[in-house]
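Thanks for coming. I'll take a few minutes to walk through one model, starting with confidence and then going through the fold.

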Amino acid sequence: MADIKLEQLSKHYKRGGEVIRALDGVTLDITGAEFVAVVGRSGSGKTTMLDLMGLLLRPTSGRLLIDDVNTGELSDSERAHMRARKIGFVFQEYNLLASLNVIENVMLPLRYTKGVRDGRQRATELLERVDLTDRVKHRPGELSGGQQQRVAIARSMINRPSLILLDEPTGAVDTETAEQLVALLKRINRQEGVTIIVVTHDLDIAAQAGRVIRLKDGKVIADDAQVPAGAFASS
């Protein structure tokens, strides 16, 4: 589980003489084992907020705390260490390396940390969980979009993160595949107690989350709890 606090968090950019307020004073508490969907139109600040929580960006102002650690006080190397150990990423474009096969792609994050003991065994177990044991030697170009996204989900879990962030994970797949991917994420959330935050345009997908946060012009305009916080966590 990961506990996340955003306190008046902002990210601004200058474009000529104009200030673009990509995220503008957002305050949120996300408790361990929540399954959260973040929705809003393009340009609403969804991906910016995700990148800030994933420590890919530094805020212009405000504070971001992960498990009570003020990430703004961390050095770049400390941020990288927290990102590698606590956070898994799943991107819309999958970001798989075409030159590597499926199991090599899943194990890729281990190159940037000391890894986990028996990394290949861990990767094999994860591929079993996402129903890809018959594709371990295939390369990404030989997989469907849904299969590539399942590889990306397995890769995001290789270091046993407490937080998984997903940016439009169902944006490039059909409805049936999208439903299968969300069912997989709900199982991960329920069985392992991982905090999951999904950015999505798909309101049908968002409706399956435990909580929906709506952004507009960099601000939170609605925060709806659909089930009690932590209801997906294992008992």
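This is a predicted model. The mean pLDDT of the chain is 90, with 94% of residues at 70 or more. Confidence is highest in strand β4, residues 61-66, at a mean of 97, and lowest in helix α7, residues 203-206, at 87. Separately, residues 228-235 stay under 50, and for them the model has 20 contacts beyond four places in sequence. Where pLDDT is low, the predicted coordinates should not be read in detail.

Now the sheet. It is open, with six strands in the order β6-β7-β8-β3-β9-β10, and the pairing is mixed. β6 and β10 stand at the edges with a single partner strand each, so one side of each has no neighbour in the sheet. On average, neighbouring strands are turned by 15° against each other, direction ignored.

Take one pair inside it. Strands β3, residues 35-39, and β8, residues 195-199, run parallel and are joined by four bridges. Val36 stands opposite Ile197 in β8.

Next, the helices on this sheet. Helix α1, residues 46-53, packs on it and touches β3, β6, β7, β8 and β9; the direction of α1 makes about 155° with that of β7. Helix α2, residues 76-86, lies across β6 and β7, at about 75° to β6.

Last, one residue. Where does Asn101 lie? Asn101 is in the loop between β6 and α3. Asn101 is buried, because its relative accessible area is 13%, and the cut-off for buried is under 20%. A polar atom of the Asn101 side chain lies 3.3 Å from the backbone nitrogen of Ile103. Beyond four places in sequence, Asn101 is in contact with Val136, Lys137, His138 and Arg139.

How values were computed. Residues numbered from 1 in each chain as written. Predicted model: local features only at pLDDT ≥ 70, side-chain atom pairs only at ≥ 80, totals over all residues. Heavy atoms only, no water. pLDDT = per-residue confidence, 0-100. Helix = DSSP H or I, 4+ residues; strand = E, 2+ residues; numbered from the N terminus. Contact = heavy atoms within 4.5 Å. Buried < 20%, exposed > 50% of the residue type's maximum accessible area, 1.4 Å probe, protein only. Polar contact = N/O pair within 3.5 Å; in protein donor to acceptor, adjacent residues only side chain to side chain. Pairing = 2+ DSSP bridges. Axes fitted to C-alpha atoms, helices over the stretch in contact; angles between N-to-C directions.
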